Amino acid sequence: MAVADTRSSSTYIIQVRKPTDKHFANVEDIDSLYRSFLPTTAASSNQEQRMVHSYQHVLSGFAAKLTAEEAKVVQEKDGVLQVHPEEVLSLHTTHTPDFLGLHQGVGLWKDSNFGKGVIIGLLDSGVFPDHPSFNDEGVPPPPAKWKGRCDFNGTSCNNKLIGARSFINPINATQAVPPYDDTGHGTHTSSTAAGAFVRDASALGNAKGTAVGLAPLAHLAMYKVCADGGCPASSILAGFDAAIEDGVDVLSVSLGGKKPPLFQDWIAIGALAATQKGILVSCSGGNTGPKHRTLSNEAPWILTVGASSIDRSIKATARLGNGLEFDGETLYQPHDFHPTQLPLIYPEVFDGRDVQDCHYGSLARLSVRGKVVLCDIKWIDPVGAGQEVKDNGGAAMILVNGPADGYTTISDAHVLPAIALNYAAGREIKRYLNTTPAPTATILFKGTHIIGRSPAPAVASFSSRGPNRLSPGILKPDIIGPGLNILAGWPYPLDNSTDMKHAFNVISGTSMACPHISGVAALLKSAHPDWSPVAIKSAIMTTAATSNMEGRPIVDETLHPADIFATGAGHINPSKAVDPGLVYDDGPQDYIPYLCGLISNESQIEVIVKKKVNCSSIGSIPDYQLNYPSITVSFHKPSVTNVSVTRTVKNVGPAKSRYQSVVDPIKGPVSIGVYPRELVFTEANQTASYRVDFTREVDSKAPSPYAQGAITWVSARHS
């Protein structure tokens, strides 16, 4: 028998249809079925090495090492739905509880008992278990339903960190690399979601205070699905599968990739399986903003999160030779840097090459020694730009945004005195350079400041934007939360000390926003154990804030009002989310008519929902008719002048409640009518439906392609 050369093999995800006439008593029976789909070239002696993961919950299928020729053979076998080469996804890379209105002994933290009894799972890069954020003082044992395990040696897990497993680089069928965090990302996200109180925490001496996660008494379970090289799809699916089996309540997934169709979107498929088991899945929306249509993780059963700023600045000031000053950010604040004026240089072009971003090797033949170097923030890592300046003798660095990043400035742990400035400041500095014979500059380091009157929360420039490309009738993102310059746990102190109170870092991304929302979801689950994932999502969305700390509309990186494709429903407001009054609640079965309306190929729907689907008997609905906490309708076709949408709400407030509708009208040639205008409830958990009619004026032209408004149901106690 011929045996294939596995050196040319890759990992493929194979989805199959289980025979309906067979009963699978245990995992071994299912594994035996999956192995039967392997090609004959995968001899029995090496089948175990070929099988990468066997899935029980997340999909009907397995991951295996196959050559391209073998993959074609498997695809032709009866019962095989699809064979797809795995892709590698990427990570979407305290003061925030206080900023979000969470205070010890009062409000939501008190009502939810800090998230006690709830299990938050994270698909991430692993965790550093000895970090003080994972101290279990005061945390009770995990609930009886917990079935997970801890794959660290010794006693690293406890009542806080109750589980840790790895699905990276399987050595054989039963062993994988330990779930230690090799990037810092997983330690940061998990401590953000549910880290314990750590007093006197700081990063390089900045942002000093008590660091704490959003749900400090919740339990944590880490599923390592990412390493330095990224996050393999087969590992992500295995992490979902294990989390479902183990019994988590909330899954926090700060990663994503390309925007494939739903039947090949492994995060969407895994998230639907989790949602069907009563698990809320929160995902980062991606860091490819500010352009529209850049979002990841757009499926309606996912809580998709964008990133916003907070009211804290780790401040520095660039002072020019003419006396002009510009405030910016930096985490590295050296005490021994004397703010004397130094020559200022902007390396625009050298030998016909653009070098203004100070990328690796760009400054080697330029005279930068002892000077302040101005560098443009482009695609290069800002810390890497600083390393290039330092390696060539530069004294300091001023980083300036391009127009796309506007007023969003990131606080990094630089390797030399440096400051990040907004686009407007950079433009002024370049004007000074072009009009001054001997330009000079210096940097003043001013430490941590809480901004009293602040435009926070503002949408961060990198936060990916809608509209939803796969399903335009579903508004995405759903919510925004703190994701810019966030302090949380890190595997080691940045100052090379041995004091783990200094083992914190300040980083940015929708990856940081996602665990904030996951932590709030855990608080709501603890306060309302009977709420479904859809009800929790609804409560978060319908109580979101649409104004900033100044009482004005939330702005984006331009300091102008952000559009709805940047903010979704608005900014997370935990104290209101615990008592929303009404929720939009759906069962997992409601997603099948939605999928039938979205996808014409029933075999693709079968891949997503793990069972055969007959859309003609089930029926279909357009995406905008899904009982979602937002409404998106289209008038792109000139013949469409009227669209009617139905929504159903459940009363989770006082049994006897009366609500009246208030319409925030759309600016443009569209009118809105709500019927009935009043909803009356006499019982708890009673439901009521209403209709919204959108009417476009005939032969009218809209002032812009999109328009937004709001429908608010107002009672004596709730809005």
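**Cysteine tour**

Start at Cys615, which counts as buried because its relative accessibility is 13%; buried means under 20% relative accessible area, exposed over 50%, partly exposed in between, with a 1.4 Å probe and protein chains only. This is a predicted model, in which local features need pLDDT of at least 70 and side-chain atom pairs count only at pLDDT 80 or more, while totals for chains, interfaces and linings use all residues. Residues are numbered from 1 along each chain as its sequence is written, and side-chain values use heavy atoms, leaving out hydrogens and water.

Next, select Cys596: a disulfide (a pair of cysteine sulfur atoms within 2.5 Å) joins Cys596 to Cys615, S to S 2.0 Å. The torsion about their S-S bond is about -80°, so this disulfide is left-handed. Cys596 is also buried, at 10% relative accessibility.

Move to Cys358 and Cys375, whose sulfur atoms are 2.0 Å apart in a disulfide. This link is left-handed, because the torsion about the S-S bond is about -90°. Both Cys358 and Cys375 are buried.

Now select Cys226 and Cys231, a disulfide with sulfur atoms 2.1 Å apart. Here the link is right-handed, with 105° about the S-S bond. Cys226 and Cys231 are both buried.

How many disulfides does a search of the whole structure find? The search finds four.

Finish at Cys283. Its sulfur is 6.1 Å from the closest cysteine sulfur, in Cys514, too far for a bond. Cys283 is buried, with a relative accessible area of 0%, and Cys514 counts as buried at 0% relative accessibility.
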